[in-house]
Amino acid sequence: MPLSRSLSMTSLSGLPVWEDENLPVENLLLFEVAWEVTNKDEWGENFFMVGPYYEHNFKMQVEECETSNPAIKKAIDTLGNHGFQVRFGRWLIEGSPYVILFDIGSAAWNLDRWKGEFWDTCGIGLPYNDREANDALILGSLVAWFFKELTDQLQDTPHVIAHFHEWQAGPGLILCRSRKIPMATIFTTHATLLGRYLCAANVDFYNNLDKFNIDKEAGERQIYHRYCLERASVHCSHVFTTVSEITAIEADHMLHRRPDVVTPNGLNVKKFSAVHEFQNLHSTNKVKIQEFVRGHFYGHLDFNLEKTLFFFIAGRYEFSNKGADIFLESLSRLNYLLRAVRKQLWDTAHSVKEKFGKRLYDALLKGEIPDMNKILDKDDFTIMKRAIYSTQIVFHPEFLSSTSPLLPMDYEEFVRGCHLGVFPSYYEPWGYTPAECTVMGIPSVTTNLSGFGCFMEEHVSDPTAYGIYIVDRRFRSADESCNQLTQFMFGFCQQSRRQRIIQRNRTERLSDLLDWRYLGRFYMHARHLALSRAFPDKFKMDPTAPPPTEGFHYPRPLSVPPSPSASLHSTPHHSDEEDDEPYDDDEEAERDRQNI
């Protein structure tokens, strides 16, 4: 579901958006083949999504209709005449893309024959007890048959581009290429199979990429046949892509082919007209979280909700891969730092007491009764305000649902109400969670082993200034990464409310980088490249020309720092009286536009 977000006045409207694709779209048909079909861009009536048919999902999410394309209709009818059910309709999501769905159950009786043919074609055998792999072969056989019938009908025009996602869609690609079906093919892996398995086993994955015995590792995990499907798909495709530079490095070692194009994942960014809208949403949803905390914890823990920051982690329960282990450890270390504030409170009290006593003594020596309103100066009050802070850390797991009787909020509402998302993943090929935070103007922690973190390091000269904290999990030990994460969170606690507002404004400005209208250019390049390789006589690409995917670089904001520097104070504070730095968000955003 697309996320809402503001086209605030601070958005970087100077960032170039998607221009018309430099391809004859009217003479092309684009198919995306995936186990879970998803829509990413607009090709109008020439875009089709291909996947398996599930009756319940079809009835709830698809409006069945007839195709107006005679070649597609003929191909569907041909499969139907052989007893295979194929459904066509519009998916009831934004853009209403066409979907072509194949009923695997109606073709299951061919499985043994198709497994034999697949073995003869590429030497890959599938065990009888791996239902997902067997279903993938049935789908792939139907998809390849469909494309053969389709291209026979179309002859030379329009040309077909088929984009296959993940190993489950791989059998269709392998069969299409082995049968020399005239079409341009793209294969995308969003995460390598073996990479995910190895990282889940807590191995030192990235420092040993060149040392793994790939066949042995896949065999020991009983996924060798799946690995073969993935690797064959990678090498059969005209163009191989993956979603991030860190996954490109992984794929080069695990699958033995360097991706031709990196295609980052984007979001359908919706925009508000008012600059302050997303800040208002933060305040509104924060109140809902505060109400939950007030009802759930009061009587057991007592703290000032106006001086409480909400940090969260989200994602699949992959304890190490998603960084939950170092998040919890870093919270423990943060708790130690914050409890140390109590000693600083004691030290501050003694320091002020010494000054108070000396001034009182000096006044009495002069025979004066001191003015109690003047015996402490402004600096003394500032020191005490900075010191008046104590905290406790509460870690609470919750499955979010708008119908929950405890915390009736959906995920987007919850994210908007929090102050910081923490996603210190060890294995994260892209990272939608920090991207979603960015779109909603919520600062986040990511790592240099996530695709998102690497993308931000490439495009933003000082990510921290924009509320993107990047933990080094590639070149530091786990203990050092924990310390770095702890310091990031401690520094965030040091910010005043006003500094957090400024930082959220900057975070939200980065959302244009994550919009499909910008990231779509990477997919355009992949399609053009695939066509030039499949049909070199009709589609030309200059191999020496720089790719049209070179991005833009956000400079560090020229105005006030987004967070306290080390020279200010070492304890968290919440006083806004000290925040007298001049700041104009529209003015800063305009400087960003000019610098870019």
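His256 counts as partly exposed in this predicted model, with a relative accessibility of 41%. Its phi is near 60°, a positive value in a residue other than glycine. His256 sits in the loop between helix H9 (245-254) and strand S9 (261-262).

**Other backbone features**
- Glu166 also has a positive phi, about 70°, although it is not a glycine.
- The loop between S6 and helix H5 (170-178) holds Glu166.
- Glu166 is partly exposed because its relative accessible area is 22%, and buried would mean under 20%.
- A cis peptide bond links Thr157 to Pro158, with omega near -5°.
- Pro158 belongs to the loop between helix H4 (131-154) and strand S6 (159-165).

**The S10-S13 sheet**
- An open sheet is formed by 4 strands in the order S10-S11-S12-S13, with parallel pairing.
- Strand S10 (311-312) and strand S13 (468-471) are the edge strands, each pairing on one side only.
- S10 and strand S11 (residues 420-422) run parallel and are joined by 2 bridges.
- Opposite Phe312 stands Gly421 in S11.
- Helix H15 (residues 451-459) packs on the sheet and touches strand S12 (444-447) and S13. The direction of H15 makes about 115° with that of S13.

**Whole protein**
- The protein contains 19 helices and 13 strands.
- It has 596 residues, of which 54% count as buried.
- Among contacts in the protein with a separation of 6 or more, 72% are between residues 24 or more positions apart.
- The accessible surface of the protein is about 27,200 Å², and carbon and sulfur atoms account for 52% of that surface.

Technical notes
Residues are numbered from 1 along each chain as its sequence is written. This is a predicted model: local features need pLDDT of at least 70, side-chain atom pairs count only at pLDDT 80 or more; totals for chains, interfaces and linings use all residues. Side-chain values use heavy atoms; hydrogens and water are left out. Two strands pair if DSSP finds at least two bridges between them. Contact means heavy atoms within 4.5 Å. Axes are lines fitted to C-alpha atoms, for helices over the stretch in contact, and angles run from 0 to 180 degrees between N-to-C directions. Buried means under 20% relative accessible area, exposed over 50%, partly exposed in between (1.4 Å probe, protein chains only). Accessible areas come from the Shrake-Rupley method with a 1.4 Å probe; for residues, only the protein chains shown count as cover.
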